[in-house]
Amino acid sequence: MRSGQGPETVARSMSGGNQQKAIIAREIDMGSDLLIAVQPTRGLDVGAIEYIRKELLAQRDAGKAVLLVSLELDEVLEVPDRILVMYEGEIVGELDPQHTTAKELGLYMAGARRNG
């Protein structure tokens, strides 16, 4: 993350993308056993997206619980160990990202398919 005044830069003067990166860095640095990431890569450049996804996986691999809330199908299929799909406030599906497709996931997201 680059900013005009380096580490002295006030967050509110940063671009939206840099503010988002700063928030993610702050939350990871807090060292909590649970990391909740809601749309963590929305609006970021490709390099930042890849870095954040790798960091979320590293946090998971370090034993932390990571709750990812995202509308990005690539992110949903690449990052989690399992996927819970909500439709109209109800969990309608639990999927294994290793054994599902974007099309199947989309059907659950649209309410056209439900588990059980």
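This is a predicted model: local features need pLDDT of at least 70, side-chain atom pairs count only at pLDDT 80 or more; totals for chains, interfaces and linings use all residues.
**Overall layout**

The chain holds 4 helices and 4 strands. Read from the N terminus, its elements follow the order α-β-α-β-α-β-β-α. Along the principal axes, the C-alpha atoms fill a box of roughly 55 × 25 × 25 Å. Of the 116 residues in the chain, 29% are buried. Among contacts with a separation of 6 or more, 35% come from residues 24 or more positions apart.

**The largest pocket**

The largest pocket has a volume of about 680 Å³, and 24 residues line it. Nearest its centre lie Leu 67, Leu 68, Val 69, Ile 83 and Leu 84. Two or more lining residues come from each of α2 (46–61), β2 (65–69), α3 (73–78), β3 (83–87) and α4 (102–109). The element that gives the most is β2, with 5 residues. By residue class, the lining of the largest pocket divides into 19 nonpolar, 1 polar and 4 charged residues.

Strand β4 covers residues 90–95 and runs antiparallel to β3, with 5 bridges joining the two. Leu 84, one of the residues nearest the centre of the largest pocket, has Glu 94 in β4 as its bridge partner. Between the strands of this hairpin there are 2 residues, and Glu 88 takes a positive phi near 50°. In a regular strand, side chains alternate between the two faces of the sheet.

**Salt bridges**

Side chains of opposite charge can pair when their charged atoms come close.

| Pair | N to O distance |
|---|---|
| Glu 27 and Arg 26 | 2.8 Å |
| Lys 54 and Glu 50 | 3.1 Å |
| Glu 75 and Arg 53 | 3.5 Å |

In the salt bridge of Glu 27 with Arg 26, Glu 27 has a relative accessibility of 30% and therefore counts as partly exposed.

The pair of Lys 54 and Glu 50 lies within helix α2, where the two residues are 4 apart, about one turn of the helix. Lys 54 has a relative accessible area of 52%, which means that it is exposed, since exposed residues have over 50%. Glu 50, with a relative accessible area of 43%, is partly exposed.

The salt bridge between Glu 75 and Arg 53 joins two helices. Because Glu 75 lies in helix α3 and Arg 53 in helix α2, the pair ties together parts that are 22 residues apart in sequence. Both Glu 75 and Arg 53 are buried. Arg 53, Glu 75 and Glu 78 form one network, joined by salt bridges that share partners.

Notes. Residues are numbered from 1 along each chain as its sequence is written. Side-chain values use heavy atoms; hydrogens and water are left out. On a 1 Å grid over the protein atoms alone, a cavity is a set of points where a 1.4 Å probe fits but cannot get out, and a pocket is an open set with protein on both sides within 12 Å along at least five of seven lines; lining residues have an atom within 4 Å of a point. Grid points are joined across faces, edges and corners, and a volume is the space filled by probe spheres set on the points. Ala, Val, Leu, Ile, Met, Phe, Trp, Tyr, Cys and Pro count as nonpolar, Asp, Glu, Lys and Arg as charged, and the others, Gly among them, as polar. Two strands pair if DSSP finds at least two bridges between them. A salt bridge is a side-chain nitrogen of Lys or Arg within 4 Å of a carboxyl oxygen of Asp or Glu. Buried means under 20% relative accessible area, exposed over 50%, partly exposed in between (1.4 Å probe, protein chains only). Contact means heavy atoms within 4.5 Å.
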